[in-house]
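Please read them with the structure open.

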Amino acid sequence: MTKSELLPGERLDDLQNGFEIIQDPHKFCFGADAVLLSWFTRAQPHERVLDMGCGTGIIPILLKARKKGRHIVGLEIQPDCAQMARRSVIHNHLEKEITIVTGDIREASSIFGGASFDVVTCNPPYMIHNHGLQNARREIAVARHEILCSLQDIISQAASVLKPRGRFYMIHRPFRLGEILSQMVCYGLEPKRMRLVHPYVDKEPNMVLLEGILKGRSRMTVEKPFILYKEPGVYTQEALEVYYGKTGE
């Protein structure tokens, strides 16, 4: 892809794993949460994966870079983002392995049918309507605030499209952990693994990684904390391993 093939405002970013992604910094660019979620997710080579709210397709592409999942479907409600994701899929020659669907998370079970995926991932909007100021740019506001779907919508639809014993992976903010766990249990997604992410070793966590199993037994493992930085601008060794594409498994 050349610069002349990019739309105004777009750029082509090297993911340092053999793939590239189209992004528009004036809309929304992926962050550490997408990288961490793709690393934390466990998906076998024969399994079918759904990424709910895939944005510009970063998690499906990162999962394929890590050789996770046989076929990955990205569901995205914003047509411009979905189209950008499709163009990145084509650019990386992943059309046979990744499909981008334009649609509403709240209608996932109607779109795909029940019990149709082995794994569901989601990097959802973290904030409810009364948390903080909403960005004036709609693409950014939708990515950060629960404007087009709620936490309950995400968890209930994930449970609907997962096969029995299917796995759900999500990254979120710790301040909503009580609500997240109660919603997961309510919809039969038994919390099985949790890992808190700290920006520095002496700072409180600002992200939480979760795994749930549909109709799993009641037992959760809390893994050791993940520390992102040793000092400003310097990743820890574990963070470097994650960014350079090791599986974490």
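1. A definition comes before the strands: two strands pair if DSSP finds at least two bridges between them. With that in hand, take Asp 51, whose bridge partner in strand 6 is Thr 121. Please keep in mind throughout that this is a predicted model.

2. Strand 3 and its partners. Strand 3 and strand 6 (residues 117–122) run parallel and are paired over four bridges. Strand 3 also pairs with strand 4 (residues 71–76), again in the parallel sense, over five bridges. Which residue of strand 4 stands opposite Leu 50? The residue is Val 73. Strand 3, helix 2 and strand 4 together form a β-α-β unit, and the unit is right-handed.

3. Burial of strand 3. Strand 3 covers residues 48–52, and four of these five residues are buried, so the strand is largely enclosed by the rest of the structure. The cut-off for buried is under 20% relative accessible area.

4. Overall make-up. The protein has 249 residues, of which 51% are buried. Its secondary structure consists of eight helices and 13 strands. The accessible surface is about 11,900 Å², and carbon and sulfur atoms hold 52% of that surface. Consider the contacts with a separation of 6 or more: 70% of them join residues 24 or more positions apart.

5. The largest nonpolar core. In soluble globular proteins, nonpolar side chains tend to be buried together. Here the largest nonpolar core has 34 residues. Leu 36, Leu 209 and Phe 226 touch the most other members. Seven elements are listed here as giving two or more residues each: helix 1 (32–40), helix 2 (58–65), helix 3 (79–91), strand 5 (98–102), strand 7 (162–172), strand 9 (207–214) and helix 8 (237–243). Which element gives the largest share? Helix 1 does, with six residues.

6. Beyond its neighbours within four places in sequence, Leu 36 is in contact with Ile 171, Val 197, Met 207, Leu 209, Phe 226 and Val 242. A separate core of 28 residues lies apart from the largest one. Its members include Ile 105, Phe 117, Ile 155 and Val 208.

7. Helix 6. Is helix 6 largely enclosed or largely open? Eight of the eleven residues in helix 6 (residues 151–161) are buried, so the helix is largely enclosed by the rest of the structure. The buried residues are Leu 151, Ile 154, Ile 155, Ser 156, Gln 157, Ala 158, Ala 159 and Val 161.

8. Met 194. This residue sits in strand 8 (residues 189–198). Met 194 counts as buried because its relative accessibility is 8%, against a cut-off of under 20%. Outside the four places on either side in sequence, Met 194 contacts Leu 177, Val 208, Leu 209, Leu 210, Met 220, Thr 221, Val 222 and Glu 223. Met 194 and Ile 171 are 23 residues apart along the chain, and their C-alpha atoms are separated by 9.7 Å.

9. His 198. This residue also lies in strand 8. His 198 has a relative accessible area of 13%, so it is buried. Where does the side chain of His 198 reach a backbone oxygen? The oxygen is that of Lys 203, at 2.7 Å. Setting aside residues up to four places away in sequence, His 198 touches Lys 203, Glu 204, Pro 205, Pro 225, Phe 226, Ile 227 and Leu 228. Of these, Ile 227 is 29 residues from His 198 in sequence, with 4.9 Å between the C-alpha atoms.

10. Positive phi: His 93. Please check the backbone here. His 93 is not a glycine, yet its phi is positive, about 60 degrees. His 93 is in the loop between helix 3 and strand 5. With 65% relative accessibility, His 93 counts as exposed.

11. Positive phi: Ala 115. Ala 115 is another residue other than glycine with a positive phi, near 50 degrees. Its place is the loop between helix 4 (108–112) and strand 6. Ala 115 has a relative accessible area of 40%, so it is partly exposed.

Key: Residues numbered from 1 in each chain as written. Predicted model: local features only at pLDDT ≥ 70, side-chain atom pairs only at ≥ 80, totals over all residues. Heavy atoms only, no water. Core = buried A, V, L, I, M, F, W, Y, C linked by side-chain atoms within 4.5 Å. Buried < 20%, exposed > 50% of the residue type's maximum accessible area, 1.4 Å probe, protein only. Contact = heavy atoms within 4.5 Å. Right-handed = clockwise from strand over helix to strand, strands pointing away. Areas by Shrake-Rupley, 256 points an atom, 1.4 Å probe, with all protein chains shown as cover. Polar contact = N/O pair within 3.5 Å; in protein donor to acceptor, adjacent residues only side chain to side chain.
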